[in-house]
Amino acid sequence: MINVKPAESLQQWGGAIGGPIQRDKLFVFVSYEQQKGVQPRRVVFPSLIGFTPTAANTSAYNFYKSLEEPFDK
């Protein structure tokens with residue numbers, strides 16, 4: 001099995017606007033920023049790699065193997 005690490009992505013955007021309301025006395029300024037990051041990850045239990053379950057621990061092995069799945073952070 002070959003594990004391929006997907007590319008991480010990050011989007012960042014924002015804007016600002018401002019200006020005078022009364023010359024040299026009062027002004028308005030508004031700013032907005034947002035970031036969105038997607039960093040794919042995978043839950044893996046390294047202790048299970050190469051492990052051969054016996055009859056006594058098959059249910060525990062199957063439970064932990066079922067938890068190994070990808071997720072986005």
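1. Let's start with a definition: a contact here means heavy atoms within 4.5 Å. With that in hand, residues 24 or more positions apart account for 47% of the contacts in the protein chain that have a separation of 6 or more.

2. A word on what you are looking at. This is a predicted model, in which local features need pLDDT of at least 70 and side-chain atom pairs count only at pLDDT 80 or more, while totals for chains, interfaces and linings use all residues. Residues are numbered from 1 along each chain as its sequence is written, and side-chain values use heavy atoms, with hydrogens and water left out.

3. Now the layout. The protein chain has one helix and four strands, taken as DSSP runs numbered from the N terminus (helices are H or I with at least four residues, strands are E with at least two). Reading along the sequence gives the pattern β-β-β-α-β.

4. How much of the chain is buried? Of the 73 residues in the protein chain, 4% are buried; the cut-offs are under 20% relative accessible area for buried, over 50% for exposed, and partly exposed in between, with a 1.4 Å probe and protein chains only. The protein chain exposes about 6,700 Å², and carbon and sulfur atoms supply 58% of that area. Accessible areas come from the Shrake-Rupley method with a 1.4 Å probe, and for residues only the protein chains shown count as cover.

5. A nonpolar surface patch of about 480 Å² is made by I17, I21, L26, V28 and V30. Patches are built from residues with over 30% relative accessible area and no salt bridge, joining like charges within 9 Å and nonpolar side chains (Val, Leu, Ile, Met, Phe, Trp, Tyr) within 5 Å. Both β1 (9-22) and β2 (26-38) supply at least two residues of the patch, and β2 gives the most, with three. I21 sits in strand β1 and is exposed, because its relative accessible area is 56%.

6. D24 counts as exposed because its relative accessible area is 76%.

7. Which residues meet in a salt bridge? The side chains of E68 and K65 do, at 3.0 Å from N to O. The rule asks for a side-chain nitrogen of Lys or Arg within 4 Å of a carboxyl oxygen of Asp or Glu, and by this rule the count comes to one salt bridge. E68 counts as buried because its relative accessibility is 15%, whereas K65 counts as partly exposed, at 34%.

8. Leaving aside neighbours within four places in sequence, E68 is in contact with R42, V43, V44, F45 and L48.

9. Next, the rings. A search of the whole structure finds three aromatic pairs. One of them is F63 with Y64, an edge-to-face pair at 5.2 Å centre to centre and 75° between the planes. Rings of Phe, Tyr and Trp (its six-membered ring) pair if their centres lie within 6.5 Å; planes under 30 degrees apart count as stacked, over 60 as edge-to-face and the rest as tilted. F63 is partly exposed, with a relative accessible area of 45%, and Y64 is partly exposed as well, at 39%. Ring pairs link F45, F63 and Y64 into a cluster.

10. Y64 lies in helix α1. Y64 and F45 are 19 residues apart in sequence and 7.7 Å apart in space, C-alpha to C-alpha. Not counting residues up to four places away in sequence, Y64 touches F45 and L48.

11. Last, F51, in the loop between β3 (40-42) and α1. F51 touches N57 and Y61, again not counting residues up to four places away in sequence.
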